[in-house]
Amino acid sequence: MTTDTETDLFEEHRPVLLGVAYRMLGRVADAEDVVQEAWLRWSGADRSEVREPRGYLVRITTRLAIDRLRQVKARGETYVGPWLPEPYVTDFGDSVPDTAERAVLADSVSLAVLVVLESLSPLERAVFVLREAFGYPYADIAAMLDRGEPAVRQLAGRARKHVEERRPRYEVDPAQRRDLTERFLAAAAEGDLEGLMSLLAPDVRLVGDSGGKAKAPLRVLETADNVGRFLVGVAGQGGPELSFRFLELNGGPAVLVLSADRPDSVFQLDVLDGRIQSVYIIRNPDKLRSLA
């Protein structure tokens, strides 16, 4: 039987477990399922031999996430158009007071990084998440994955190199991103192509994720001219009872667009040197349910 103390202990670590599972899977619903399965394992385990509950729970969660990721890859699921992770509400609050640690956590859950993580093997992804996002020593990761420490170090090096080679450069200053997001939204809503172009980097990219279930580009748009004209065209079409909310998603400011009070899309920007480098638009309704 699970006692209140053991339940409280699990709930204390739930945010960390959800953070690990989401970074592994890029899907909120799958991450929640994995954490729920971890709870069932925890509630049925002999906890008298568990000396470090957090490490024990992270180990269970990581292994369940690896299994889930392998199942997804084995099914060879096809996706219509570009793929982006499901938006994940992040509010570290007072739980992460250190600026450097907060920046690391925000970066590790960013859309840009999670897209790159999709191309790693499940084991590489697990090692990268545990090491880079949560700072676990190699010895602890080796124990969690039942691998030798040299093998884990090799996996970590390979994953880090892969991510660094493919991740786009951007700044994580939330104040600057918020300011540019507000100016971007105002220019797009007013159909101000010239104002919009002044905010976009010449080689800006727009990635739209609809999964074929809503209107969005089925390929990545590139160059300021193409992206600017597309956004002005979309804004000109309007929509019923559109409203906007700012919130923190995936470690940075984002805009939730509501149509008749229902989630319609999410916008988020990557910024570098005062210009917008990437525009992410998520319109797949399946990925917006958790924001309702």
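These are my notebook entries on a predicted model of one protein chain.

**Conventions**

I number residues from 1 along each chain as its sequence is written, and I use heavy atoms for side-chain values, with hydrogens and water left out.

**Entry 1: the whole chain**

I began with the secondary structure, which comes to eleven helices and six strands. Helices (H or I, at least four residues) and strands (E, at least two) are DSSP runs, numbered from the N terminus.

I then looked up the dimensions. The C-alpha atoms fill a box of roughly 65 × 40 × 40 Å along the principal axes. A compact globule of 292 residues would have a radius of gyration near 19 Å, and the 20 Å of the chain agrees with this. That radius is taken over C-alpha atoms, and the globule rule is 2.2 Å times the number of residues to the power 0.38.

For the surface, I noted an accessible area of about 14,500 Å², of which 49% belongs to carbon and sulfur atoms. Such areas come from the Shrake-Rupley method with a 1.4 Å probe; for residues, only the protein chains shown count as cover. Of the 292 residues, 49% count as buried. Buried means under 20% relative accessible area, exposed over 50%, and partly exposed in between (1.4 Å probe, protein chains only).

I also checked contacts, meaning heavy atoms within 4.5 Å. Among those with a separation of 6 or more, 66% join residues 24 or more positions apart.

**Entry 2: helix α2 and Asp-30**

Helix α2 has 16 residues and reaches 22 Å from its first C-alpha to its last, close to the expected 22 Å at 1.5 Å a residue. The expected span is 1.5 Å times one less than the number of residues. Its buried residues include Val-28, Ala-31, Val-34, Trp-39 and Trp-42.

Apart from neighbours within four places in sequence, Asp-30 is in contact with Leu-25 and Arg-68.

I compared the span of helix α3 (residues 53–75) with expectation: its 23 residues should span 33 Å, and its end C-alpha atoms are 33 Å apart, which agrees. Among the buried residues of α3 are Pro-53, Leu-57, Ile-60, Leu-64, Leu-69 and Val-72.

Val-89 lies in the loop between α3 and α4. Which residues does Val-89 touch, beyond those up to four places away in sequence? They are Glu-248, Leu-249 and Leu-291. Val-89 and Glu-248 are 159 residues apart in sequence but 6.1 Å apart in space, C-alpha to C-alpha.

Asp-107 belongs to helix α4 (residues 99–108). I found a polar contact of 2.3 Å between the side chains of Asp-107 and Arg-167. A polar contact is a pair of N or O atoms within 3.5 Å; within protein, one must be able to donate a hydrogen and the other to accept it, and residues adjacent in sequence count only if both atoms are side-chain atoms. Beyond residues up to four places away, Asp-107 touches Val-113 and Tyr-170 as well as Arg-167.

Gly-157 sits in helix α8 (residues 149–166) and is partly exposed, at 30% relative accessible area.

**Entry 3: two positive phi values**

Most residues other than glycine have a negative phi. I noted Asp-146, which is not a glycine, with a positive phi of about 55°. Asp-146 is in the loop between α7 (138–145) and α8, and counts as exposed at 52% relative accessibility.

Ala-260 likewise has a positive phi of about 55°. Ala-260 is in the loop between β4 (252–259) and β5 and is partly exposed, at 37%.

Conventions
Predicted model: local features only at pLDDT ≥ 70, side-chain atom pairs only at ≥ 80, totals over all residues.
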